[in-house]
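Visitor: I have a model open and a few things to ask about it. Can we go through them one at a time?

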Amino acid sequence: MLAIDVAAYRSPWRRRHPAAKAVLAGGLLLSALLSPPWPGAPITAVITLVVALGWARVPPRAFLRSARAPLAFIVTGSVTFLISVDGPGLAWAPGGAVRAGEVIGRCVAAVFCQLLFAMTTPLADVLPRIARRPGLSGLAEVAGLVYRMLSVVLETVNAIRRAQADRLGTRSWRTQWRSVIGLAAQVFVLSFDRARRLEAGLSDRGYTGSLAVSVESLPLTGRFLALAPLPGLVSAGLTLALTSACTVA
């Protein structure tokens with residue numbers, strides 16, 4: 001999460017309007033979800049990587065590190081497609097490998113599309129604009145508070161882990177296990193304490209359900225907005241062309 005925030009604030013696209021970047025990433029995401037898994041998912045994933053690492057200049061190491069956890073979840077979750085439960089017990093599912101491959105490909109492409117938007121657009125640029133829309137102010141406020149609390153929890157975890165390492169709390173498996181238990185207990189207590197203080201601070205500042213935040217004006221016109229739908233259209237066009245070629249062959 002911290003790596004995503006750092007990349008978003010340092011992104012060359014930081015000065016682009018979030019709506020234009022949403023059009024770009026959303027077009028690729030629609031292509032990943034609506035196109036056939038093969039060859040649509042690989043094509044969309046490759047184009048998204050090219051846009052993220054080339055055009056948007058997202059640091060490759062940060063991008064791959066941020067994708068590591070969701071990709072691991074996708075792979076482990078897709079294992080269930082390989083197994084079927086019948087009367088006698090467990091058995092290999094017919095066509096399970098193909099289905100698992102399709103799900104993995106589509107999910108990987110979708111994750112890349114979401115990371116493209118997240119690593120070029122700070123949440124502070126998105127939430128105030130969402131809050132201006134009718135009926136979405138409450139959602140934006142809740143998302144902002146959750147985001148803030150997650151940041152606080154991560155900062156607390158990092159501080160406690162550094163303190164444990166300085167006290168040789170990771171020198172053996174036994175001390176590591178003890179440190180993990182202590183970390184969980186401390187984070188649980190400190191999270192509730194900081195949430196209570198955050199609530200008290202908002203109340204003291206006259207919080208009535210919405211926060212007044214100044215939003216920097218960003219242009220929503222120009223060449224970038226005109227080019228934003230292009231990657232999604234290229235992905236859909238290549239997928240359609242390859243699918244037609246394979247059908248004819």
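Guide: First a cut-off: a residue counts as buried under 20% relative accessible area and as exposed over 50%. Also, this is a predicted model.

Visitor: Fine. Then is Arg57 buried or exposed?

Guide: Exposed, because its relative accessibility is 55%. Arg57 sits in the loop between α3 and α4.

Visitor: What is phi of Arg57 near?

Guide: Phi is near 55 degrees, a positive value in a residue that is not glycine. Most residues other than glycine have a negative phi.

Visitor: Which peptide bond is cis?

Guide: The one from Trp38 to Pro39, with omega near 5 degrees. Pro39 is in helix α3. Most peptide bonds are trans.

Visitor: On to α4. How many residues does α4 have, and what does it reach from first C-alpha to last?

Guide: Helix α4 covers residues 60–78, which is 19 residues, and it reaches 26 Å.

Visitor: Where is the kink in α4?

Guide: At Arg68, shortly before the proline Pro70, and the kink is about 40 degrees.

Visitor: Which residues of α4 are buried, and what do they pack against?

Guide: Ala62, Phe63, Ser66, Ala67, Ile74 and Ser78 are the buried ones. They pack against α1 (2–10), α3 (37–55) and α5 (96–118).

Visitor: Back to α5. At what angle do α2 and α5 pack?

Guide: Helix α2, residues 18–34, packs with α5 at about 180 degrees, and their axes are 9 Å apart. That angle is over 145 degrees, so α2 is roughly antiparallel to α5.

Visitor: Which residues make the contact?

Guide: On the α2 side they include Pro18, Leu24, Leu28 and Leu29, and on the α5 side Arg106, Cys113 and Phe117 are among them. By class, the contact of α2 with α5 has 14 nonpolar residues, two charged and no polar ones.

Visitor: Different topic. Where is Leu218 found, and is Leu218 buried or exposed?

Guide: Leu218 is in the loop between α8 (173–204) and α9 (223–227). Leu218 is buried, because its relative accessible area is 10%, and the cut-off for buried is under 20%.

Visitor: What does Leu218 touch?

Guide: Leaving out residues up to four places away in sequence, Leu218 touches Arg14, Arg15, Arg16, His17, Pro18 and Arg129. Leu218 and Arg16 are 202 residues apart along the chain, yet their C-alpha atoms are separated by 6.5 Å.

Methods:
Residues numbered from 1 in each chain as written. Predicted model: local features only at pLDDT ≥ 70, side-chain atom pairs only at ≥ 80, totals over all residues. Heavy atoms only, no water. Helix = DSSP H or I, 4+ residues; strand = E, 2+ residues; numbered from the N terminus. Expected span 1.5 Å × (residues − 1). Bend = angle between axes of the 7 residues up to and from the residue. Buried < 20%, exposed > 50% of the residue type's maximum accessible area, 1.4 Å probe, protein only. Contact = heavy atoms within 4.5 Å. Axes fitted to C-alpha atoms, helices over the stretch in contact; angles between N-to-C directions. Parallel < 35°, antiparallel > 145°, perpendicular 65-115°, else oblique. Nonpolar A, V, L, I, M, F, W, Y, C, P; charged D, E, K, R; others polar.
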